[in-house]
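Please keep the sequence and the structure in view while reading.

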Amino acid sequence: MDSPQLERLSAWLRDHPLAVDAGLAVLFFLVFSVVMGAGSGSGDAAVFGLLLSVPLVWRRRAPVAAASAVVLLGLLQLVLASAPLLPADVAALVMVYSLAAYAPRWASRAGLAVGLVAAGLAALRYYSSYYEPASLVFMAGTIGVTVVAAWALGDLRRARLQQVAGLEERARLLELERDQEMRLAATAERARIAREMHDVVAHSLSVVIAQADGGRYAGQADPAAATSALEQISATGRQALTDMRSLLGVLREDGGREFAPQPDVAAIDRLVADVQASGLDVDLIVEGAPVTMPAGPQLAAYRIVQESLTNVLKHAGPASRAWVRLQWRPDALEVAVLDDGRGAAAAVAEEDGPVPSAPGHGLLGMRERAELHGGRLTAAPRHGGGFGVQAVLPYRSPR
Ligand SMILES: Nc1ncnc2c1ncn2[C@@H]1O[C@H](COP(=O)(O)OP(=O)(O)OP(=O)(O)O)[C@@H](O)[C@H]1O
Ligand SMILES: [Mg+2]
């Protein structure tokens, strides 16, 4: 037999414990009942041999029930059988082993205790049959030692099985953990791409639309204004295209390629100027001395200002002003974008509008960005009217 066949055989044996135990029980019956029992020449040996081999079939599947059956048969034998000990009583040792290996802890201990009591009872029975005083202690001792040995072997088997189960469980958990990590990484990456797509595309389109609307009105009276609006539109479109390209580059992941640098806090200057050029009256206020920050929170600050200004263009109403304030505090950069537009009324107006708007992704993305870098963000209509977005971005991420 070559090794794949051997492997298949051992796998089959592992997967069919009941069939294996049934085979062993038949073997047990043949050896201890038919061969050895016939040798002793008594009918008891054959009958009890048959009865005792039956519970062995379930020694692993239902060890406690099988052991109980063997105990009952042992008691019957004590009362009914003519000989004090039969070859098939080895079944009791097999059950002590099986309880120690496969049954719950309490049943394993009970198996040992009952086995030792049975050793005493068997010795007493032997003594009362033959009346040899020295034999009582010797018999009890001998049977007791075999019981303890069977139990110890079973206990070793249990330890080995537990070790294997522990290893298998560990391997399973590791695999699960790896799967989960991969899924989490994929989800985080998707959310990141969605945020970038949203901010780049929505902002540029809003600016382009504002410019186009402005240029359309200005065009009749002031052709120069229309030309500058068109210039602004093409500049915004080109910038958006560049941003999209770098985003698509990230999606493609041709390892090691350098992508266009992402905008940082310093680029907020230009951003505000661009939005100003598209017709919104917006001021930039910087307080404190700039601190060097990692690229991640810098991009977050830029995108938060970008989306907030886009929202002002979209939701605040035509005659509104906005303020962008950057405060370099000792431990964190505080970003605020405020306006004096429609504020809370904007949502109501949009609800009633001709095109029911889907719930936006802008605020959600801004909040995710701030939290990603250990900061927080609040966005709500302001008390005196208008809308306010405030974000705190720590210089050092807690993680
Ligand atoms: N400056 C603002 N003035 C008034 N309302 C605002 C302002 N900013 C946001 N809102 C309100 O908050 C809502 C959510 O904004 P959010 O940016 O999440 O979505 P959106 O701008 O409608 O869509 P998207 O950003 O996905 O294109 C807006 O629909 C609007 O009602
Ligand atoms: Mg928005």
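The model is predicted. Ligand 1 is surrounded by 16 residues, and helix α10 contributes the most to that shell, with five residues. Helix α10 also holds Glu307 and Asn311, which coordinate the magnesium ion (ligand 2).

**The surroundings of ligand 1**

- Among the 16 residues around ligand 1, the closest are His198, Lys314, His315, His361 and Leu363.
- A backbone N or O atom of His361 is found 2.7 Å from an oxygen atom of ligand 1.
- For Leu363, the distance from a backbone N or O atom to an oxygen atom of ligand 1 is 2.8 Å.
- A polar backbone atom of Gly362 lies 3.3 Å from an oxygen atom of ligand 1.
- The protein buries 85% of the 600 Å² that ligand 1 exposes when taken alone.
- Two or more residues of the shell come from each of the elements α10 (295–315), α11 (344–352) and α12 (362–372).

**Helix α10**

- The 21 residues of α10 should span 30 Å at 1.5 Å a residue, and this agrees with the 30 Å between its end C-alpha atoms.
- Helix α10 is mostly covered, since 16 of its 21 residues count as buried, that is, under 20% relative accessible area.

**The magnesium ion**

- Which residues coordinate the magnesium ion (ligand 2)? They are Glu307, through OE, and Asn311, through OD1, at 2.1 Å.
- Glu307 and Asn311 are four residues apart in α10, about one turn of the helix.
- An α-helix has 3.6 residues a turn, so residues three or four places apart point the same way.
- Glu307 and Asn311 are both buried.

**Val54**

- Val54 is placed in the loop between α3 (43–53) and α4 (63–80).
- Why does Val54 count as partly exposed? Its relative accessibility is 44%, and partly exposed covers the range between under 20% for buried and over 50% for exposed.
- Val54 and Leu377 are 323 residues apart along the chain, and their C-alpha atoms are separated by 73 Å.

Definitions and conventions. Residues are numbered from 1 along each chain as its sequence is written. Chains are lettered from A and ligands numbered from 1 in the order in which they are written. This is a predicted model: local features need pLDDT of at least 70, side-chain atom pairs count only at pLDDT 80 or more; totals for chains, interfaces and linings use all residues. Side-chain values use heavy atoms; hydrogens and water are left out. A residue is near a molecule or strand if one of its heavy atoms lies within 4 Å of it. A polar contact is a pair of N or O atoms within 3.5 Å; within protein, one must be able to donate a hydrogen and the other to accept it, and residues adjacent in sequence count only if both atoms are side-chain atoms. Accessible areas come from the Shrake-Rupley method with a 1.4 Å probe; for residues, only the protein chains shown count as cover. The expected span of a helix is 1.5 Å times one less than its number of residues. Buried means under 20% relative accessible area, exposed over 50%, partly exposed in between (1.4 Å probe, protein chains only). Donors are N, O and S atoms within 2.8 Å of the metal (3.2 Å for Na, K and Ca); water is not among the atoms, so sites may look incomplete.
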